[in-house]
Amino acid sequence: AGLGGVVFGLDAETLDRIDGLLTELEECATIEAPARSMKLWGTWDLVFTNSPPMLKNKGLTGLGAIPFVTFKSLTQRLESGGGAESIELLTVPPFGNEVSSTLKGKVTALSPQVIEQTYDDVVLANLFNSQASSAAPPPSEGAREAAPQRQAFGTAVLAITFLSDELRVCRAKNGAAFLFRKAARAS
């Protein structure tokens, strides 16, 4: 409760203070092998990061850094069978419509505390083909709707430094922190 979405543009002092609080939380970790814990599986919402690439790109894909495009959220689903999916939600002009990019791949435990996420099926949001509403007229005959762009993405190696039923803290090799909150289950 009370944890909102990722905010970009925080000053360095605030980023450092939040990182310090996460370090204190990490000292309370009680799960010895979080990369192999059943608590890891499920859907997670990114709440905070101080990752320089994510801050620069205003999101995972970099599309949030395009003028007038706004990052809204990043949701990650990790499955016990090794599946991984990240969905980045953006709002785009001129009507503020939501578009999403989807990155699908695998999650593997490299050690009791470290996971590797590999994304090999990436569909980037089509920012230039959003419609104002579902009542928009169909494309003219012979016109082709631009398809979302597919491309290979990459790999992320993260140490899980804290895991509970509700929160997960991960650290990249450069020390950047990622705080995730477990998404509420649909009833």
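Visitor: Is aspartate 165 buried or exposed?

Guide: The model is a predicted one, in which local features need pLDDT of at least 70 and side-chain atom pairs count only at pLDDT 80 or more, while totals for chains, interfaces and linings use all residues. Residues are numbered from 1 along each chain as its sequence is written, and side-chain values rest on heavy atoms, with hydrogens and water left out. With a 1.4 Å probe and protein chains only, buried means under 20% relative accessible area, exposed over 50%, and partly exposed in between. Since the relative accessible area of aspartate 165 is 53%, this residue counts as exposed.

Visitor: With which residue does aspartate 165 form a salt bridge?

Guide: A salt bridge here is a side-chain nitrogen of Lys or Arg within 4 Å of a carboxyl oxygen of Asp or Glu. The N to O distance for aspartate 165 is 2.8 Å, and the partner is lysine 39. The two lie in distant parts of the chain, 126 residues apart, with aspartate 165 in the loop between β7 and β8 (167-171) and, in the loop between α1 (12-26) and β1 (42-49), lysine 39.

Visitor: Which residues are linked in a network of salt bridges?

Guide: By the rule already given, the count comes to seven salt bridges. One of them joins glutamate 79 to arginine 77, whose closest N and O atoms are 3.2 Å apart; glutamate 79 is partly exposed at 35% relative accessibility, and arginine 77 is partly exposed at 34%. The network that includes this pair consists of Arg77, Glu79, Glu85 and Lys104.

Visitor: Which element supplies the largest share of the lining of the largest pocket?

Guide: On a 1 Å grid over the protein atoms alone, a cavity is a set of points where a 1.4 Å probe fits but cannot get out, whereas a pocket is an open set with protein on both sides within 12 Å along at least five of seven lines, and lining residues have an atom within 4 Å of a point. Grid points are joined across faces, edges and corners, and the volume, the space filled by probe spheres set on the points, is about 480 Å³ for the largest pocket. Of its 23 lining residues, Met54, Leu60, Thr155, Ala156 and Phe178 are the closest to the centre. At least two lining residues come from each of α2 (52-57), β2 (70-78), β5 (114-124), β7 (155-163) and β9 (177-182), and the largest share, four residues, comes from β7.

Visitor: How many charged residues are in the lining of the largest pocket?

Guide: Ala, Val, Leu, Ile, Met, Phe, Trp, Tyr, Cys and Pro count as nonpolar, Asp, Glu, Lys and Arg as charged, and the others, Gly among them, as polar. By these classes the lining has 14 nonpolar residues and nine polar ones, and the number of charged residues is none.

Visitor: Which residues does glycine 64 contact, leaving aside its neighbours within four places in sequence?

Guide: Glycine 64 lies in the loop between α2 and β2, and it is buried, because its relative accessible area is 3%. Contact means heavy atoms within 4.5 Å. With those neighbours left aside, the contacts of glycine 64 are Asn57, Lys58, Val69 and Leu90.

Visitor: What is the phi of phenylalanine 68?

Guide: Phenylalanine 68 is found in the loop between α2 and β2, and at 72% relative accessibility it counts as exposed. Lysine 58, also placed in the loop between α2 and β2, has a positive phi near 50 degrees although it is not a glycine. For phenylalanine 68, likewise a residue other than glycine, phi is positive, at about 75 degrees.
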